[in-house]
Amino acid sequence: MFVEELHAAAFHFQHGPLSIARERLDRARTTAPSPADATSTKLLGQLAEISRRIESDADWAQRETENVRLEFGEWLCLSEGMHKRFHAKLPPIP
């Protein structure tokens, strides 16, 4: 659940709507493992900063979301099969 919520938050920060991104980020926070691995902690921090700055610096937020996407691609907790299943549950990219 945690990894899926984190992934969905990143998706919605990039593609909208912002309200859903923030909801998914809140769910990720509440389902985060304790203790969390370094990547989980880093991704939560990056997404929290995106949430904080997205309305005042949309260009930065889009670039940072791309960095998060790269992190997902290298994260061992997110297999290719999981990634495909997560995307199947998300809306089409506008």
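Which residues touch the most other members of the largest nonpolar core? In this predicted model, local features need pLDDT of at least 70 and side-chain atom pairs count only at pLDDT 80 or more, while totals for chains, interfaces and linings use all residues. Residues are numbered from 1 along each chain as its sequence is written, and side-chain values use heavy atoms, leaving out hydrogens and water.

The core in question holds 21 residues, and the members touching the most others are Leu 6, Phe 13, Leu 47, Ile 50, Phe 72 and Trp 75. Such a core is a set of buried Ala, Val, Leu, Ile, Met, Phe, Trp, Tyr and Cys residues joined through side-chain atoms within 4.5 Å, where buried means under 20% relative accessible area with a 1.4 Å probe, protein chains only. Helices α1, α2, α3 and α4 (58-74) each give two or more residues, with α1 giving the most, six. Helices here are DSSP runs (H or I, at least four residues), numbered from the N terminus.

Next comes the pairing of two of these helices. The axes of α1 (residues 2-15) and α3 (residues 38-53) come within 11 Å and cross at roughly 30 degrees; axes are lines fitted to C-alpha atoms over the stretch in contact, with angles from 0 to 180 degrees between N-to-C directions. The two helices are therefore roughly parallel, a label for angles under 35 degrees.

A cis peptide bond joins Gly 16 and Pro 17, with omega about -10 degrees, and Pro 17 sits in the loop between α1 and α2 (18-31). The bond from Ser 34 to Pro 35 is also cis, with omega near 0 degrees.

Methods
Angles under 35 degrees count as roughly parallel, over 145 as roughly antiparallel, 65 to 115 as roughly perpendicular and the rest as oblique. Buried means under 20% relative accessible area, exposed over 50%, partly exposed in between (1.4 Å probe, protein chains only).
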